[in-house]
Amino acid sequence: MDQISAGVRDIKGRIGDIRPPSNILLLAPPFCDAERLAYTLVRPSDNDHTIVISTDEDAPTVYASFAGGKVWVLDCITKSMDPAVADTEGVKYVGSPADLTGLGIKFTKILDSVQKSGEAEDAAPGQVRVCVNSLSSFLIYTKLEAIYRFYHIFSARIRRMNGIGIYILNPGSVDEKTISTLKQLMTGILKVETCDGDPGVHTLRYQDISGRVSPPVRYRFEGDELVVDEP
Amino acid sequence: MIPIGIPALDDLLGGGIPTGSLVLVSLAPGVEGRQVLHSALHSAHEQGRRCLVIVPYTTTNVYCADLSGTPYALSSEDNLVFLDTSAFDEVHGRRAATPLSEAAGWDTLLTSLAADRGVDTVFLYCNRICDALGTGEALALFADTCRRLGLTLFVEYLNLYDRNHIRELSASISFDLVLSVGEGFENFIFLNHFRIEHLKWAHVPDIPLPFIIRDNGYLMPHLPKVVVTGPVDAGKTTFIRTLSGMPALSDRIGLSGSPTTVAMDVGSPHVACRGFDLTLMGTPGQEHFGPIIRHLLTNATGVVFMVDGTNAASFGRARAILDEVREMGAPFVVAVNKGDLPERVPDHDLREALALPEDTPLHPFSALEMEEAMGVLDALVGLITRRTDRR
Ligand SMILES: Nc1nc2c(ncn2[C@@H]2O[C@H](COP(=O)(O)OP(=O)(O)O)[C@@H](O)[C@H]2O)c(=O)[nH]1
């Protein structure tokens with residue numbers, strides 16, 4: 001049924017269920033494999049559609065992180081180096097994370113295509129999973145208030161589609177007010193920390209909307225698979 | 001006058017934008033509508049105006065690449081000045097930059113470009129500057145500077161708030177035209193629309209104007225549901241076929257001995273009229289189709305009510321259908337078909353049979369003639385776009 005990787009199921013068992021619709025802030029310092037964790041969480045199973053909004057990696061790199069499935073990419077970095085690059089069915093480009101107008105339009109286009117491909121296949125509609133990698137980059141170009149307003153509308157769309165959104169933010173790059181403001185858009189927060197000693201092992205905790213915090217879960221990646229360390 | 005280059009919109013505005021005007025185009029997030037500024041830039045550039053394009057959100061190359069391959073591609077680099085993300089960084093990223101010093105920086109830039117390069121038309125993508133200076137402050141700054149220098153200003157603004165926000169901006173800053181682009185149009189939730197929120201130099205009805213984007217990126221105002229109705233044999237099918245360029249049908253005679261064409265058979269073709277893309281939708285005319293006609297009339301943008309002007313026997317049924325149309329309240333024109341035939345019933349008798357007051361115009365025509373059929377649509381589009389009363 002739910003073909004998410006075993007590791008994620010393990011996490012879910014420990015941190016409580018993450019059910020759609022969910023918008024989750026993934027707070028992770030640099031060098032924490034945050035996007036790997038995020039991509040694992042949004043990995044599409046059979047009928048699902050995953051949309052990655054990437055300010056930090058170009059589309060081919062994003063695709064390489066997924067073993068397959070229906071993955072759509074909104075690439076916010078390639079076009080500034082290669083202005084002539086043209087949109088394809090699966091990849092749309094905007095010139096920079098500063099272009100929220102273009103981003104919104106192309107996100108709508110992807111959602112339209114997702115809907116059409118669902119209708120064409122006549123299959124039970126899959127889930128839409130969206131990863132924003134990363135909010136930190138958007139905040140470099142645009143002030144908090146506009147980012148908040150933009151993602152307020154954005155996260156509401158994900159909620160209406162009964163989807164899941166994961167938003168990566170490096171807490172070290174922003175102040176407390178930014179985090180607490182963005183938290184208001186979310187249904188939960190995943191906090192990742194490095195573990196002393198072992199650079200490959202991280203700890204995560206999940207805090208849900210009611211403020212309940214899960215016990216820490218230690219995990220690492222083996223290949224593409226997330227493996228939970230038994231305590 | 002600078003036409004925006006979207007004919008139906010220019011028509012509403014009385015031909016376009018008077019030079020020296022200040023225009024704000026507000027986009028809702030996720031909604032296409034960038035074509036408005038692209039088209040206006042294209043049009044001003046074609047007129048040989050000296051255009052300044054301020055695009056803080058991207059580089060000049062990316063901006064031009066986005067235009068190329070669309071109907072709004074710029075034909076040359078002449079008469080164009082760009083201030084892109086690097087100009088923004090220079091003003092904004094200066095050490096000790098304050099909103100005040102940044103405002104002064106933009107004012108100086110504009111003033112010198114107008115003097116040295118003869119810039120007369122400005123296209124401003126304002127969000128990053130609004131972000132830096134405050135929305136009201138940034139818009140007032142550019143509005144004042146352009147007013148002072150006599151420049152025409154087009155602003156694209158991504159509105160992350162609601163319609164009230166635009167009304168407030170429009171009340172506090174003296175724009176001559178405020179156009180908003182939003183999503184959803186009455187019951188057509190997938191259609192985006194324009195709305196003229198404020199217009200100084202002409203009077204237009206406050207109606208949402210839906211549009212579609214063609215595959216090549218061309219923006220075309222759209223009237224989503226123009227219903228063609230009337231009794232059997234009024235000529236509805238012929239009308240739709242003539243307008244959409246389908247070959248005329250030789251009558252198929254059904255068992256009853258009467259032609260069996262039903263105007264729904266021809267599908268819902270798109271027809272261009274006065275810069276609008278119209279979807280025509282025929283209805284059957286027979287009495288037992290009453291509920292279907294009512295259903296089809298629901299949410300009609302406009303109605304072509306058609307009657308065979310030579311067939312008084314059909315007027316009873318025509319009256320019943322016209323009553324439905326009136327009940328629905330959509331704008332309609334009365335098209336009196338088969339004007340090519342000699343035996344036309346006098347207007348007076350037709351009016352009486354249909355209970356049509358003297359001030360409702362009759363449009364005698366022949367559905368076999370393209371030009372005459374187009375004249376009927378033209379009259380309807382005129383009625384829809386000039387209508388001041390809202391349903
Ligand atoms: N002479 C003449 N015949 C017409 C005209 N328009 C339609 N007809 C004929 O009227 C008949 C009924 O037309 P049709 O379009 O099928 O009517 P509908 O039932 O309203 O769709 C057909 O035989 C048409 O060829 C017209 O302008 N002039």
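## Close-up views of a predicted two-chain model

The mean pLDDT of chain A is 89, with 94% of its residues reaching 70 or more, and the coordinates shown are those of a predicted model. Within chain A, confidence is lowest in helix 1 (residues 6–15), where the mean is 69, and highest in strand 4 (residues 91–93), at 98.

**View 1. A salt bridge between Asp66(B) and Lys79(A).** Of the 23 salt bridges that the structure holds over all chains, one is formed by the side chains of Asp66(B) and Lys79(A), with an N to O distance of 3.1 Å. Asp66(B) belongs to helix 3 (residues 60–67) of chain B and Lys79(A) to helix 4 (residues 78–81) of chain A, so this pair joins two chains. Asp66(B) is partly exposed, at 30% relative accessibility, whereas Lys79(A) counts as buried because its value of 5% is under 20%.

**View 2. A salt bridge between Asp277(B) and Arg214(B).** The side chains of Asp277(B) and Arg214(B) meet at 3.7 Å, N to O, in a salt bridge. The pair links distant parts of the chain, 63 residues apart, with Asp277(B) in strand 11 (residues 276–282) of chain B and Arg214(B) in the loop between strand 8 (209–213) and strand 9 (219–229) of chain B. Asp277(B) is buried, with a relative accessible area of 4%, while Arg214(B), at 36%, counts as partly exposed.

View 3. Asp323(B) and Arg326(B) form a salt bridge in which the closest N and O atoms are 2.9 Å apart. Both residues lie in helix 11 of chain B, three residues apart, which is about one turn of the helix. Asp323(B) is partly exposed at 33% relative accessibility, and Arg326(B) is likewise partly exposed, at 28%.

**View 4. A network of salt bridges.** Asp99(A), Arg34(B) and Glu156(B) are linked to one another in a network of salt bridges.

**View 5. A patch of negative charge on the surface.** The patch gathers Asp340(B), Glu369(B), Glu371(B) and Glu372(B). One of these residues, Glu369(B), is found in the loop between strand 14 (362–364) and helix 13 (370–386) of chain B, and its relative accessibility of 43% makes Glu369(B) partly exposed.

View 6. Pro331(B) occupies the loop between helix 11 (315–328) and strand 13 (332–337) of chain B, where, at 6% relative accessibility, Pro331(B) counts as buried. The C-alpha atoms of Pro331(B) and Ala300(B) are separated by 8.6 Å, although the two residues are 31 residues apart along the chain.

How values were computed. Residues numbered from 1 in each chain as written. Chains lettered and ligands numbered in written order. Predicted model: local features only at pLDDT ≥ 70, side-chain atom pairs only at ≥ 80, totals over all residues. Heavy atoms only, no water. Patch = residues over 30% accessible without salt bridge, like charges linked within 9 Å, V, L, I, M, F, W, Y side chains within 5 Å. Areas by Shrake-Rupley, 256 points an atom, 1.4 Å probe, with all protein chains shown as cover. Salt bridge = Lys/Arg side-chain N within 4 Å of Asp/Glu carboxyl O. Lys, Arg positive; Asp, Glu negative; His and termini not counted. Charge placed at Lys NZ, Arg CZ, Asp CG, Glu CD. Helix = DSSP H or I, 4+ residues; strand = E, 2+ residues; numbered from the N terminus. Buried < 20%, exposed > 50% of the residue type's maximum accessible area, 1.4 Å probe, protein only. pLDDT = per-residue confidence, 0-100.
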